[in-house]
Each structure stands twice: as C-alpha cells, then as structure tokens.
Amino acid sequence: PRSTYDVRWQVVGGARTTHRFFDSSAISPSGRYVCATRTRREGPADVTPGDVAEVVVYDLQKKRKDRFPVAYRRPTAAWDAQLGAQVQWGASDDELYFNDVVGTRGDGAPIVRGVRSDWQRGRETRLPTPVYHVTRDGARAAAPRDLAALRMTQDGYGVVVTPEQLRHLESQKDGVHVLDLRTNATAFLELSALVAAAELDSRPRAVAGGDARKGAECHRHVFHVKWNAKGTRLLVVVRARGQGCPRGDANHALTVNPDGADVRVVATWLRDGNHPNWLEDGRLSMNYEGKVCAFDDVEGGSCQVLSERASGHPVGVPGRGDLVVTDTYAKEHAAFGLEAGEAALRVLSGGDREAWLGVFPVAAFGTMPTDVWRCDAHPAFDVKGRRLALNVWVRGSRRVAITDEIDWDALLKRRDLWFS
C-alpha cells in the first residue's frame, strides 16, 4: 500500500521460539507474560519422534537491556514444528496449559496428556485428555482424539510419531475430546456420529467427475478444534481424503454443541480455502475461493466478503466486531507488493477496505529446509484486542514478538491509510 500504520513491535522470545496459533494469544490475561515453545533446532530435517522442546514464559516487566528473562521453563516431547506444545493461557496468569508425553503404547507411540501448570507456585496437574484449545474463561478444553493423527493430513500441528505408528492410528476411532477443566469430567464426540449428523455421506460430489468411485476408500480426520468466544460451541474442521469420499478430497467446517448436539456444516471447500476461525460475534471467518469470507453459524452459510484477496490467518479483533486482521504468507509476498522475507498485517473493515498495521520479517519462502519449519506470523490478540503476538524471523531464527497497543479509533480516522 501507499503507507502503513507502522505499529511498533519488539522481539520477546529468544532464538527458535514460536507462539501457538492465531486463535489463542501468547500474551497472558494480565498482559505481563508471554508463553511460547522453544525448540533445540529448526531443521534441517523434520521433527524426530522423541525430540524434546521447552515450554517457556517470558516476563515483560523485567527487561534487561534488549532481553526479557525466562520466568519459567519446562521440557516436553509432545509438540510439533508449527503449533509447538499447544502452550496457551487459561483465565488467569496462574493457568498455563500445554501437552506432555506421559507414557507409551504397545507399539511405542507416545501417550499425550494435557498439563495445567500453576507455574508461579511450582504446581502441576495432569489432565485426562490432550489439550488443543482452551476457552477464554478457562472452563473447558477440547482436542482431537490423538494429536499424532493430525499428521495424517498435515505436518506441524500435533505430535510426531513414526510412519508405522501413524498407520496404526488409522484404524482407531477419531473424534473430539471435550474436557471440563473444573471437574475433569470428559466427553468424547465420535467423528462417525458427527459425520452421520451432518449427513456428509449423502451429500453430492462437489467436483467434476461424477459420483465417488465405488469400492474406493474414504478416510475422514479431525483437524482443528476451536471454541467460540463464549465457550458454547465448537468448530471442528473435518478433512476427507480418498476417492471414495462423496466430495473427493474435501474439507468441512462443522460447528457443534459441547454435548454433540446441533451439528451444522457451515462451509465445505476443496483446495481453495483454509483457516476457519470464530469471530467475536459468533460467525466464522476463513480464506475461501480466493476471498476472505465471514459465514453465519448456519447450515450451508454463504460467503460475506471481507476482502477480495485471501491471505494468511484471518482473526477478529476482540471488542471490535467490525474489524478483522490477517497476515500474509511468505510465499504471497509478490502478490502483495512485498519483498521476499516480508509479511504484512492487514486490517479489514468490510466493503473491501483495508489498511496495513505494518510489514514484518518472516523467513523468505524456501529459506527453511523443510516446510514444516516455515515462519507463519499467526497473529493473535490479547484479551483486550489491543496488542498482537506474532512469529517473526530475526537474526536467522523464528522468534516471538509483540506489538505495542493499537489505537483502533485513531487508525480508523487515518483516511490516508485506507484503500480498496
């Protein structure tokens, strides 16, 4: 664009640190701490089963020169290269959640369970299920049945196992763990029940080529699991893979109550779509058919265009229902007029109007030896919607950064920054 808001930002994490994802902030509820996963290497090869990383917490109030001290560190082998150990905050600075390996199965595959750490008092509680996403009020958590199974459709988001161990998971029941964090009561939403309620098997094929091939296999897998802002509904991303699937290789954004009731297929896409996420008002946002769209939480919702150009990871601004922020991928730099190794943070206000918060360094496309180590910004807001945590590429490594507070009213008044 012609100019940017140029929000100020600073690196918090040391070398080889990343925050989790764009749907949960690394910034603690009080704003004092930042949580992250720190790895021992970034390539050259993929993550190896059993590799150990660290859960770390940085204290923003004790900066020493240009560094923030580590207030807490804890090793874990339950992580992958994009989302780390799923490190995230609960309702307060005293509730830190992540995953750890607590044992092995008969085939040697890791048994992964969530951990709730009251890290300032040195106390931990092992949870009965893995953790993927925690509600803002810290009341519930949800996770795919087995985090290792996420690698059946994409690397980087769960836990790493051997190819043979991954094949064993194919025959197990898939689904979603729902955990009450106050009582430790658990429920399991079987994927087969969600598929039946959504009638995915009876829906017509959405691509050229006619009906699904008879006798061909269809494998469906739970991928992302996300709570809405109120903690009352779940978004479950289901990926179908195989020529026997009614829609071929398709992806579905399902929403469901925590008890498995009221299943809705909000959106289905083939290749041209990604990153569905809850907005503050209960709609879903995502990149869809080349656009950034919002969908009402209804069966077969239609795209409400937020931008004619899709990119990155669209996320709503807490307290500002009229605004969405998204980053750009490193591989999208040319399409947005950026240099290699640059990513923009775009503010979308509807009506195809946008402004840029700034341009940030990321690893240039192809820099990392394998794609699983790529540097995606994953912009995520604090609870007030004023600061962002993001991943940046500084001094040859991924690092966690945070922005200064953003004055949204001032930004909206800057007519010189907005363009279509």
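How does the lining of the largest cavity divide by class into nonpolar, polar and charged residues? The lining of the largest cavity has three nonpolar, two polar and four charged residues. Here Ala, Val, Leu, Ile, Met, Phe, Trp, Tyr, Cys and Pro count as nonpolar, Asp, Glu, Lys and Arg as charged, and the others, Gly among them, as polar.

The model is predicted, so local features need pLDDT of at least 70 and side-chain atom pairs count only at pLDDT 80 or more, whereas totals for chains, interfaces and linings use all residues. Residues are numbered from 1 along each chain as its sequence is written, and side-chain values use heavy atoms, with hydrogens and water left out.

Rolling a probe the size of a water molecule over the atoms shows where empty space is left. On a 1 Å grid over the protein atoms alone, a cavity is a set of points where a 1.4 Å probe fits but cannot get out, and a pocket is an open set with protein on both sides within 12 Å along at least five of seven lines; lining residues have an atom within 4 Å of a point. Grid points are joined across faces, edges and corners, and a volume is the space filled by probe spheres set on the points.

One cavity of 30 Å³ or more is present in the structure. The volume of the largest cavity is about 40 Å³. Its lining consists of Leu279, Glu280, Asp281, Arg283, Gly316, Val317, Arg320, Gly321 and Leu323. Two or more of these residues come from each of strand 22 and strand 23 (320–327), and strand 23 gives the most, with three residues. Strands are DSSP runs (E, at least two residues), numbered from the N terminus.

The largest pocket has a volume of about 810 Å³. It is lined by 38 residues, of which Gln154, Asn274, His275, Tyr329 and Lys331 are the closest to its centre. At least two lining residues are supplied by each of strand 14 (219–227), strand 15 (234–241), strand 18 (273–278) and strand 19 (284–288). Strand 18 accounts for the largest share, four residues. By class, the lining of the largest pocket comprises 15 nonpolar, 14 polar and nine charged residues.

For the second largest pocket, the volume is about 510 Å³. Asp23, Ser24, Ser25, Arg136 and Phe381 are the closest to its centre among the 30 residues that line it. Strand 6 (88–89), strand 10 (133–134), strand 14, strand 18, strand 22 (315–317) and strand 26 (380–381) each give two or more residues to this lining. The lining of the second largest pocket divides into 15 nonpolar, ten polar and five charged residues.

Beyond its neighbours within four places in sequence, threonine 135 is in contact (heavy atoms within 4.5 Å) with Arg140, Trp227 and Gly231.

Strand 6 runs antiparallel to strand 7 (residues 96–104), and two bridges join them; strands pair if DSSP finds at least two bridges between them. Tryptophan 89 has leucine 96 of strand 7 as its bridge partner, and the hairpin joining strand 6 to strand 7 passes through six residues. Strand 7 is also paired in the antiparallel sense with strand 8 (residues 110–118), over eight bridges. Asparagine 99 has glycine 114 of strand 8 as its bridge partner. Five residues lie between strand 7 and strand 8 in their hairpin, and glycine 108 in the turn has a positive phi of about 90 degrees.
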